[in-house]
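Please consult the sequence and structure shown here while reading.

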Amino acid sequence: MAKEPVRVLVTGAAGQIGYALVPMIARGVMLGTDQPVILHMLDIPPAAEALNGVKMELVDAAFPLLKGVVATTDAVEACTGVNIAVMVGGFPRKEGMERKDVMSKNVSIYKAQASALEQHAAPNCKVLVVANPANTNALILKEFAPSIPAKNITCLTRLDHNRALGQISEKLNVQVSDVKNVIIWGNHSSSQYPDVNHATVNTAAGEKPVRELVKDDAWLNGEFITTVQQRGAAIIKARKLSSALSAASSACDHIRDWVLGTPEGTWVSMGVYSDGSYNVPAGPSHTHVSLKCFLPFNSVLPRPLALSE
Ligand SMILES: NC(=O)c1ccc[n+]([C@@H]2O[C@H](COP(=O)([O-])OP(=O)(O)OC[C@H]3O[C@@H](n4cnc5c(N)ncnc54)[C@H](O)[C@@H]3O)[C@@H](O)[C@H]2O)c1
Ligand SMILES: O=C(O)C[C@H](O)C(=O)O
């Protein structure tokens, strides 16, 4: 029997991440190639015409899994009945800025959209915040949507996780799919700590620790960390636009692994509200609310999570 469609909200859908992300969702990259989807796309009135253009292209692409498109500038209409919400809407930083510099503009958006989600999304809607500062926006959304369980509100550190995998794969000249179990600790900002101390590489001789294979602690403790921390800025410098295809792809990875589980023995990084795990104090830090409240989430799931969980 065909599966019921899942409703997926993408805010900021007329922007550059949105343009990369919606076709991935419609092709099954996020929820599987047997999972029909209905896309809900939200943007602001000045972007309404562009948003309608994206809708036209989705229709023209004739994606077999795409069972409907809602394109709107009304947050209530956009949030109604959604099972997954990917919050991309907001302003990106420009060259020379830190991610926290867009805080004043973006945080107010998340207050307003929290209420729309809380009141109109499907029960147990899973929320992924992508817009920067991602951790702070997720915390604001949690505070202003108190009836959504805190464990359902997450932010994107998977892009940093994937960047770390990519750097190790290039250094060792191995397939990125053979590298696993890096961890991103802390905020999606230049203060994050990419941790390779449990990471391994699948080799002809079995799984080997990354540190043993790299044999260069100076690089692992120095250039590797700063490259991952500064990768977003390097992309803005090169493209004059912030990362989009890698952000969209990582957002799909984040939701896919959350809903469908990770392969046995593999974990991934997600920004989550701290429940005190990993010896880190529960809840937001009193001194650096945005810097310390979210942690990587060990998603070695014993079984796939149903969307209703
Ligand atoms: N967490 C991560 O790893 C990561 C990675 C890349 C980018 N980002 C962030 O994602 C965000 C989007 O980046 P982008 O490159 O797509 O930017 P963009 O400017 O191309 O697109 C953003 C879209 O959001 C829309 N928008 C603005 N206010 C809105 C609101 N109130 N409701 C709905 N939509 C609204 C804009 O009209 C625009 O279409 C930025 O904040 C960027 O910094 C995060
Ligand atoms: O760095 C940025 O501002 C965009 C995004 O957060 C990224 O990491 O690429």
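**Briefing on the predicted model**

Ser-250 belongs to helix H11, which spans residues 245-260; helices (H or I, at least four residues) and strands (E, at least two) are DSSP runs numbered from the N terminus. The model is predicted: local features need pLDDT of at least 70, side-chain atom pairs count only at pLDDT 80 or more, and totals for chains, interfaces and linings use all residues. Residues are numbered from 1 along each chain as its sequence is written, chains are lettered from A and ligands numbered from 1 in the order in which they are written, and side-chain values use heavy atoms, with hydrogens and water left out.

**Ser-250**

- Ser-250 is buried, at 2% relative accessibility (buried means under 20% relative accessible area, exposed over 50%, partly exposed in between; 1.4 Å probe, protein chains only).
- Apart from neighbours within four places in sequence, Ser-250 contacts Leu-156, Arg-158, Leu-159 and Asn-162 (contact means heavy atoms within 4.5 Å).
- Between the C-alpha atoms of Ser-250 and Pro-149, which are 101 residues apart along the chain, the separation is 23 Å.

**Domains**

- The domain assignment divides the chain into domain 1 (6-155) and domain 2 (157-293); such bounds come from an automatic or database assignment.
- To the contact, domain 1 contributes 30 residues and domain 2 contributes 37 residues.
- The C-alpha centres of domain 1 and domain 2 are 23 Å apart.
- About 2,700 Å² is buried between domain 1 and domain 2, with 66% of it on carbon and sulfur atoms (buried area is the accessible area, 1.4 Å probe, that two parts lose on being put together, summed over both).
- On the domain 1 side, Gln-16, Arg-99 and Asn-135 lose the most area to domain 2, together 21% of what that side buries.

**Annotated residues**

- An unreviewed UniProt entry lists Arg-93, Arg-99, Asn-132 and Arg-163 under "binding site"; UniProt positions are in the numbering used here, feature names are shortened, and annotations may be inferred rather than shown by experiment.
- Arg-93 lies in the loop between strand S4 (84-87) and helix H4 (103-120), and is buried at a relative accessible area of 10%.
- Beyond residues up to four places away in sequence, Arg-93 touches Glu-98, Arg-99, Val-102, Gly-232, Ala-233 and Ile-236.
- Arg-99 is found in the loop between S4 and H4 and is buried, with 5% relative accessibility.
- Leaving out neighbours within four places in sequence, the contacts of Arg-99 include Arg-93, Asn-132, Arg-163 and His-188.
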